[in-house]
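Have the viewer open as you read.

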Amino acid sequence: MKRITAYVLALVLTCFCVSSVAGAYYADVPGSSALAGEVEKAVRYGLMNGYSQAQFGYSDTMTRAQFLVVLARMLGWQTPSMEEADADITPAMALPEELSSQYRYAIACAAAHDVIEKTEPFRPNSPATRAEMAELLVRALGLKACAADAEKENGLPFTDVSDKRGYIAVAYEIGMTKGLTDTTFGPDRTATRAQAAAMLVRIYEKLQQQTAFVHGFYAISSYSQLSLVQRMDDVSAGWSRMTWDGTAATLNTTAEGGNEYHIPSGYEEVTASLSHLNLSVFMDGQELKEMLTSESGRTQAVQQIVGEVSKTYSQIGRNPYEGVTIDFEGLRAPQKEAFLDFLRQLQPALQKLDKKLLVCVPPVLTTSAYYDGYDYRAIGELADRVILMAYGYGPQNMTGFTGTEYYKTAATTPIASVYTALKYAVSEIAPSKLLLGFSAASTAWKIDENGKLVSETPVYPSNETVIKRLSQSDTEHGWSQTYQQSYAIYRTEDGSRYFLWYQDASSVQAALNAARLLGVNGVSVWRIGSIPDVNAVWSWSELLNAA
């Protein structure tokens, strides 16, 4: 009963609104201090409290337990059940009996969220070092896997860091701290409560930003969600495919030749609903590579595009496009300069028409070869917006892995990969131009009763199927702390079992947080018509909440 009372009290203390003291005067906060404003914000945001209405503890060191309390508030951690809390605080953590219930609650939450180890003493009353703060924050943000990748790199400017390099690197990249000097971090130094307030306010303010720009693709089977375009700032219609026969480049906007990227019948209703519409031009494969290497091919392609966005569409008496979105996929290094030459021709031609240019780019990868035919920096200088297609990371087959559980590593949007793609992109392209891409495509792997892989080939269930399976009472729901992505295990009518990787609201929020921490506040959704919007089961409503 004593433990239950303590945890209930902790919930009340942690969730209690502190606005009543936000404007309080703290006698120990120097009015001339550069940190006074950060302290005021930390209290106003509900992140920190003073010891009393007159004392903040400005110069006191921040303890490890205090730091976790602030993280719990900042990230809105939910109270675990009594059973979960008891399980999350283990004897190995060696917590003092006299430790307050507020601290025990925060420690239990941190353990449940893989922020601290359950098998090691926690030392709640010890001052938190700067390196420890970096680790606790990065793990609390779900970026532990990103730190593991950063550990392998050598990009830190600090010469005094040997331990926790990955955590410190990520904390530095997201702006938690700039270091003591250009070359020193002071990993073993402690921080005062005022300094900790400044660090955490910087992160909190980034996380609280609203999405500034929402772009969507209107393409195959998008009509069912036409109403959603009212919540978007820009839309690209996938109504054309560029072709090349070896001598002539042709922009096909019809269904001829089985082209799925064509202008639909009744397009006038769509254009009437879209005040900001771009023409998306798709091309891939060997034809694309050959066309780009041909000077004549590049010129013809530009002429075809310019002609399409200049002509009058008879059914509406005008041209519906404000710009062009180039989606040329699968380019490698030999085509890099040719692609830039194409864009350098297209951009001024569009500018003369007062039309904008958007360009899609694939993400960089660290673990395997990627499509390296895209000069991010040059593209960023030419384009008005750059769409980073950071999704679809999972393998297309698992040859040789039947009988294993390797499918559990095949997340479609692992946070470390998304973070890596964003980090490189913002180093080359102005963050204000970048749009982080999202796709609702899900991947399922057939498994046996023991959880072993049965088929080397995945299935790609429709949204309707995913919603149906997620709604089944016998479906097992899970969350990967490593990949920051949701999964489910479901059965089909014939008794087959499948392991499903999909992006729910939590997965989307994890990617949005990574983007915001790196200064990217725009998103692009592939595609309208497939956006999850069944609130009780599967919803991406947060993704469309532009400021």
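## A helix tucked inside

This is a predicted model. In it, ten of the twelve residues of α6 are buried, so the helix is largely enclosed by the rest of the structure. If you want to pick them out, the buried ones are Ser 101, Gln 102, Arg 104, Tyr 105, Ala 106, Ile 107, Ala 108, Cys 109, Ala 110 and Ala 111. Buried here means under 20% relative accessible area.

As for its geometry, α6 covers residues 101-112 and reaches 16 Å from its first C-alpha to its last, close to the 16 Å expected at 1.5 Å a residue. Just past the end of α6, Asp 114 takes a positive phi of about 60°.

## A strand with two partners

Now jump to β11, residues 485-491. Five of its seven residues are buried, so this strand is also largely enclosed by the rest of the structure.

On one side of the pairing, β10 (residues 476-480) runs antiparallel to β11, and five bridges join them. One place to look is Gly 478, whose bridge partner in β11 is Tyr 487. Six bridges join β11 to β12 (residues 497-502), again antiparallel. Here Arg 491 has Arg 497 of β12 as its bridge partner.

## The two turns

Both connections are hairpins. Between β10 and β11 there are four residues, and Gln 484 in that turn has a positive phi of about 55°. Between β11 and β12 there are five residues, with Gly 495 in the turn at a positive phi of about 90°.

Conventions. Residues numbered from 1 in each chain as written. Predicted model: local features only at pLDDT ≥ 70, side-chain atom pairs only at ≥ 80, totals over all residues. Heavy atoms only, no water. Expected span 1.5 Å × (residues − 1). Buried < 20%, exposed > 50% of the residue type's maximum accessible area, 1.4 Å probe, protein only. Pairing = 2+ DSSP bridges.
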